[in-house]
Amino acid sequence: WALTSHFANLVRLILVSLNGLDFEPLRLFTTGRLIFLRSPFHAQTSVETLKKLRLDVGLHKAGVIYRDVTINAFRLGILNHHIGLLPAYRGRSVLEWSLLQGDSVGITVFFIDTGIDTGARILISEAVDISSYKSVNEAKEYLFNLDRIFFPKALAILANRERSFQLNDGTGPRYFVMSKLFQEIVDRLLQTTK
């Protein structure tokens, strides 16, 4: 099973590289700077591998909730690129709920903990204009792809010795997946705000 998973990850990496004509991930893999863990993140072998690498920061782009043992394998922790403004919008469908309630949409980059969008240390919380997008799905794709801009910004902040964190005080409610009926309403709202 682990070998199959490892092979599947390698095939995905090749396909993504070919599709975008960006061979940097393949170069990183062949030089050992990009690795695939053969077990779940929280498995002892994975945690030991992460600790041996002595990494400062992890970048989250997976649909998982990490355990403390994995988070603590990184010197500073794991950063999440969240498509909602914390602490007000945590959980799922936060773009949709923000629009439905007439609030700003944006990106928050913060250090995760074992909760759902409850990590206390926020590096970036910034409104993002999505008015040019025709649907929520298009806007979400745009926001998710901003990780390539917001992660480097967050890492630059971390490199600054005088950095400070905003506090995610957990006061915002946790949102859940929005129903299809509300999603259609939000899509119409987005189209009428142009």
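Me: What makes tyrosine 66 count as buried?

Reply: Its relative accessibility is 8%, and buried means under 20% relative accessible area, with exposed over 50% and partly exposed in between, using a 1.4 Å probe and protein chains only. Before we go on: this is a predicted model, where local features need pLDDT of at least 70, side-chain atom pairs count only at pLDDT 80 or more, and totals for chains, interfaces and linings use all residues. Residues are numbered from 1 along each chain as its sequence is written, and side-chain values use heavy atoms, without hydrogens and water.

Me: Why is phenylalanine 41 called partly exposed?

Reply: Phenylalanine 41 comes out at 33% relative accessibility, which puts it in the partly exposed class.

Me: How many aromatic pairs does a search of the whole structure find?

Reply: Six aromatic pairs turn up. One of them joins phenylalanine 41 to tyrosine 66, with 5.2 Å between centres and 50 degrees between planes. Rings of Phe, Tyr and Trp (its six-membered ring) pair when their centres lie within 6.5 Å; planes under 30 degrees apart are stacked, over 60 edge-to-face, and the rest tilted. By that rule the phenylalanine 41 and tyrosine 66 pair is tilted.

Me: What makes you say that this pair ties together separate parts?

Reply: Phenylalanine 41 is in the loop between helix H2 (24–30) and helix H3 (44–53), while tyrosine 66 is in the loop between strand S1 (57–60) and helix H4 (68–71), so the pair ties together parts 25 residues apart in sequence. Helices (H or I, at least four residues) and strands (E, at least two) are DSSP runs, numbered from the N terminus.

Me: Why is the pair of tryptophan 97 and phenylalanine 182 called edge-to-face?

Reply: The angle between their planes is 70 degrees, with the centres 5.8 Å apart. Tryptophan 97 belongs to helix H5 (residues 94–100) and phenylalanine 182 to helix H8 (residues 180–192), so this pair ties together parts that are 85 residues apart in sequence. Tryptophan 97 is buried at 18% relative accessible area, whereas phenylalanine 182, at 35% relative accessibility, is partly exposed. Ring pairs also link both of these residues with Tyr89 and Tyr175 into a cluster.

Me: How do you know that the charged end of arginine 121 sits over the ring of phenylalanine 111?

Reply: The test asks for NZ of Lys or CZ of Arg within 6 Å of the ring centre and within 35 degrees of the ring normal. Arginine 121 has its charged end 4.0 Å from the centre of the phenylalanine 111 ring. Arginine 121 also lies over the face of phenylalanine 165, at 5.5 Å from the ring centre.

Me: What makes the buried residues of H3 line one face of the helix?

Reply: Those residues are Ser46, Val47 and Leu50. Viewed down the axis of H3, they fall within an arc of 95 degrees, so they line one face; the arc is that of the directions from the helix axis to the C-beta atoms. On the other side of H3, Gln44 and Lys52 are exposed. After H3 comes arginine 54, whose phi is positive, near 55 degrees.

Me: Why does serine 93 count as buried, and what is in contact with it?

Reply: Serine 93, in the loop between strand S3 (90–91) and H5, has 10% relative accessibility and therefore counts as buried. Leaving aside neighbours within four places in sequence, serine 93 is in contact with Lys140, Phe176, Val177 and Met178, where contact means heavy atoms within 4.5 Å.
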